[in-house]
Amino acid sequence: MIQALKELIKYRDLFYMLTLRDIRIRYKQAAMGFLWAIFMPIVAVAAGILIKQAMAAVSGHAVDLLSVVSISVKVLPWTFFISSIRFAVQSLVGNSNLVTKIYFPRAVLPLASVAACLFDLAISVLVLLVILCFVHLGVSIYILWTPLILLFLILFTTGLGLLLAAANLFFRDVKYIVEIILMFGIFFTPVFYDANTMGRLRIFMLLNPMGSILEALNQSIVLKQMPDLHWLTYAGVVSVGMFCVGMLVFHSKEQLFAENI
Amino acid sequence: MKNAVEFNGVWKKFKKGEKFDSLRDFIPNFFKNLIHKNENIALNESEFWAVKDVNFTIPKGGVVGVMGPNGAGKSTILKLLSGIMSPTKGKMTINGRLSALIEVTAGFHPELTGRENVYLNGTILGMKSREIDRKFDEIVAFSEVEDFIDTPVKRYSSGMYSRLGFSVAAHMDPEILVVDEVLSVGDIAFQSKCAQKMRELLGSGATILLVSHQISLIQSLCKRVLLLHHGELIKDGPTEEVIPYYQNITFKKNEEDFKHKVKSEQGKVKINQDLLIEISNVVLYGKDLKPKEEFAVGEDFEIKVDYNAKQEIPDPIVIIDIIRSDGVLCCSLN
């Protein structure tokens with residue numbers, strides 16, 4: 001694995017170029033261009049607020065500002081996660097001419113897909129920051145946890161992306177299965193609601209590493225409290241583990257890609 | 001001095017047909033392989049050897065041509081060399097920075113501009129961004145697409161497309177260069193420019209492996225040729241010595257096809273019913289008056305032509321044309 005990482009570092013220029021390519025082609029020949037990167041997350045947040053409104057209307061509670069903010073904070077990383085996985089799964093198969101014709105560490109392809117989505121996340125986070133300044137949310141010392149939580153998010157996404165990209169190369173069934181799971185995933189992940197509202201089911205919400213990551217983000221940014229250290233540790237272990245497993249499996253199967261694609 | 005490339009008994013197995021491992025077979029095998037790497041190399045009925053026990057070494061600075069009919073395993077060997085695939089069995093050693101020109105435009109993305117693609121393709125082929133910065137003007141000038149460098153390549157003509165691809169690839173400075181039939185792009189002027197570039201590389205002391213069907217190109221660039229046939233290395237030696245073998249193999253295939261055709265048509269074809277004679281058989285004899293089909297250079301032979309005449313012909317005139325399989329008339333006897 002050390003060797004695989006070393007080779008990736010050697011090919012970092014390629015990683016950078018592929019990321020740039022993935023970002024560029026997404027907005028080529030689109031009149032609005034990069035504005036889509038801002039517009040899409042706003043739509044996602046709006047959808048979340050709408051659902052919250054509907055839930056509030058049914059239950060009779062009023063929607064408070066905090067829950068709206070909490071939705072925006074959680075929707076953005078969730079969008080990053082699903083679009084990364086979607087792009088990563090297709091990254092090897094979609095570049096089959098590269099995989100069969102040219103040698104380079106194949107891990108750059110899914111990594112670049114994730115990185116391109118990370119770029120989108122960065123843009124939407126900037127927009128969110130501006131909005132948060134207007135609503136005078138305020139910050140606490142606990143916001144310093146965010147970089148670590150984001151790192152877990154990235155590691156988990158990357159690891160899973162590598163694993164699924166390799167699996168999809170051998171069995172195209174994987175992309176359909178992933179699509180189904182991602183579609184239903186939003187119901188089983190505390191994106192539009194809080195894990196706490198689920199009562200005894202809370203534990204299942206948090207066993208999903210995405211759930212515990214999103215909850216930790218919510219706690220440190222919106223609720224201005226210490227993230228739940230137990231669950232954060234759990235998320236960290238799972239993320240690092242997922243990254244290592246992803247890298248190892250990907251690396252061990254890399255040699256078979258060209259002839260099995 | 002270490003060898004640039006060494007192949008020791010390299011074998012490579014491929015699958016035939018559309019079958020792939022079903023999940024039911026794959027999952028147990030996957031875990032079995034995790035536990036102990038079993039070197040199961042026996043051939044299934046749906047598998048075949050694309051490369052069979054190939055041994056060769058190329059010293060640093062050597063320029064070697066690789067020839068063989070289609071399906072001989074040339075490209076597989078290059079793919080093994082460049083690391084795209086790994087051998088089923090055997091050992092390869094490579095000393096030095098290797099670049100493979102297997103398909104130079106594979107890295108292009110149609111939506112990106114020429115400029116963006118130069119960077120993208122360059123890094124895919126293993127260059128550093130800074131290296132490309134330095135060589136960018138040179139690359140563009142070589143490809144002759146200066147005016148369109150900021151146009152998306154999907155708008156390029158196919159010639160411009162492959163010229164730009166080749167230019168990027170040609171401006172790497174590898175220690176070992178592996179080239180697969182990519183020199184035949186562009187018009188004649190561009191092709192001679194490519195050959196010129198190859199010679200420059202030769203002068204720089206790079207080790208080159210060149211796959212090509214163009215005999216003249218191999219002759220002008222390589223001193224040594226590896227001849228492959230059905231995945232086996234059947235000849236390894238000086239260019240002039242190996243090329244006749246290559247021609248022999250390729251023509252033999254044509255000849256067999258021809259014979260097959262003749263056999264299947266025999267008895268069915270009536271040349272022209274209005275003709276007064278009908279040729280029933282043609283046999284070639286060696287000096288010893290035995291039927292023979294292969295002749296050495298300078299050997300005498302006899303041709304026996306059987307014909308049936310429908311009426312008596314007092315002074316028959318026989319004309320024999322010998323025509324090569326590619327349609328060139330070699331001689332005409334009267």
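Reply: B:Trp11 stands opposite B:Lys89 in E4(B). The model is a predicted one, in which local features need pLDDT of at least 70, side-chain atom pairs count only at pLDDT 80 or more, and totals for chains, interfaces and linings use all residues. Residues are numbered from 1 along each chain as its sequence is written, and chains are lettered from A and ligands numbered from 1 in the order in which they are written.

Me: What makes strand E1 (residues 3-15) of chain B and E4(B) a pair?

Reply: Two strands pair if DSSP finds at least two bridges between them. E1(B) and E4(B) have five bridges, in the antiparallel sense, so they pair under that criterion. Strands here are DSSP runs of E with at least two residues, and helices are runs of H or I with at least four, numbered from the N terminus.

Me: Why are strand E2 (47-59) and strand E4 (89-94) of chain B called edge strands?

Reply: The open sheet has three strands in the order E2-E1-E4 (chain B), with antiparallel pairing. E2(B) and E4(B) each pair on one side only. The twist from one strand to the next averages 20°.

Me: What joins E8(B) to strand E9 (residues 232-238) of chain B?

Reply: Six bridges join these antiparallel strands, and B:Arg224 stands opposite B:Pro238 in E9(B). E8(B) and E9(B) form a hairpin with two residues between them, where B:His230 in the turn has a positive phi of about 50°. E8(B), residues 224-229, is also joined to strand E3 (residues 63-67) of chain B by four bridges, and those two run parallel. There, B:Val66 has B:Leu226 as its bridge partner in E8(B).

Me: Which residues of H2(A) and H3(B) meet?

Reply: A:Asp13, A:Leu14, A:Met17, A:Arg21 and A:Arg24 in H2(A) meet B:Glu116, B:Tyr119, B:Leu120, B:Thr123 and B:Ile124 in H3(B). Contact requires C-beta atoms, placed from the backbone, to lie within 7 Å.

Me: How many residues of chain B are in contact with chain A?

Reply: 25 residues of chain B are in contact with 18 residues of chain A. H3(B) supplies the largest share of that side of chain B, five residues.

Key
Two residues are in contact if their C-beta atoms, placed from the backbone, lie within 7 Å. Axes are lines fitted to C-alpha atoms, for helices over the stretch in contact, and angles run from 0 to 180 degrees between N-to-C directions.
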